[in-house]
Amino acid sequence: MAAPLDSTVLEQLICDHSAALQLFARQWTTLPEDCVQEAFVKLAGQVPPPDQPLPWLYRAVRNRAIRVR
């Protein structure tokens, strides 16, 4: 059975990429922090986790930011 994303990997992704993801989301929404947070929560629940979590995060943030505007 597949396991969720390791918590240390998730923490590293948050530390390294959350600011850039927020800047990315600002193209489409005035709520970039919420979009990024929701994407990380969704990533934490993915079983199995995506092979490439960073591109997955950018796609998830973009899709959410377009929806919430």
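**View 1. The largest nonpolar core of the predicted model has 15 residues.** Such a core is a set of buried Ala, Val, Leu, Ile, Met, Phe, Trp, Tyr and Cys residues joined through side-chain atoms within 4.5 Å, where buried means under 20% relative accessible area, exposed over 50% and partly exposed in between, with a 1.4 Å probe and protein chains only. The residues with the most contacts inside this core are L13, L21, F40, L43, L57 and V61. The elements that contribute two or more residues to the core are α1, α2 (32–44) and α3; helices are DSSP runs of H or I with at least four residues, numbered from the N terminus. This is a predicted model, in which local features need pLDDT of at least 70 and side-chain atom pairs count only at pLDDT 80 or more, whereas totals for chains, interfaces and linings use all residues. Residues are numbered from 1 along each chain as its sequence is written, and side-chain values use heavy atoms, with hydrogens and water left out.

**View 2. F40 and S18 are in contact with each other.** Contact means heavy atoms within 4.5 Å. Not counting residues up to four places away in sequence, F40 touches L10, L13, I14, S18, L21 and L57. S18 is placed in helix α1 and, at 19% relative accessibility, counts as buried. Leaving aside neighbours within four places in sequence, S18 is in contact with L13, V36 and F40.

**View 3. Helices α1 and α2 cross at roughly 145°, and their axes come within 9 Å.** The axes are lines fitted to C-alpha atoms, for helices over the stretch in contact, and the angles run from 0 to 180 degrees between N-to-C directions. The crossing of α1 and α2 is right-handed; a crossing is called right-handed if the near helix is turned clockwise from the far one by less than a right angle, and left-handed if anticlockwise. On the α1 side, L10, L13, I14, S18, L21, Q22 and A25 take part, and they meet P32, E33, V36, F40, L43 and A44 in α2. The residues of this contact divide into ten nonpolar, two polar and one charged, with Ala, Val, Leu, Ile, Met, Phe, Trp, Tyr, Cys and Pro counted as nonpolar, Asp, Glu, Lys and Arg as charged, and the others, Gly among them, as polar.

**View 4. Helix α1 (residues 7–25) packs with helix α3 (residues 53–68) at an angle of about 35°.** The axes of α1 and α3 are 10 Å apart, and their crossing is right-handed. From α1, the residues L13, H17, A20, L21, F24 and A25 meet P53, L54, L57, Y58, V61, R62 and A65 in α3. By class, eleven nonpolar, one polar and one charged residues make up the contact of α1 with α3.

**View 5. Two salt bridges are counted, one of them between R64 and E38.** A salt bridge is a side-chain nitrogen of Lys or Arg within 4 Å of a carboxyl oxygen of Asp or Glu. The side chains of R64 and E38 meet at 2.5 Å, N to O; because R64 lies in helix α3 and E38 in helix α2, this pair ties together parts that are 26 residues apart in sequence. R64 counts as partly exposed at 25% relative accessibility, and E38 is likewise partly exposed, with a relative accessible area of 36%. E33 forms a salt bridge with R26, and the closest N and O atoms are 3.5 Å apart. E33 is partly exposed at 39% relative accessibility, and R26 is partly exposed at 46%.
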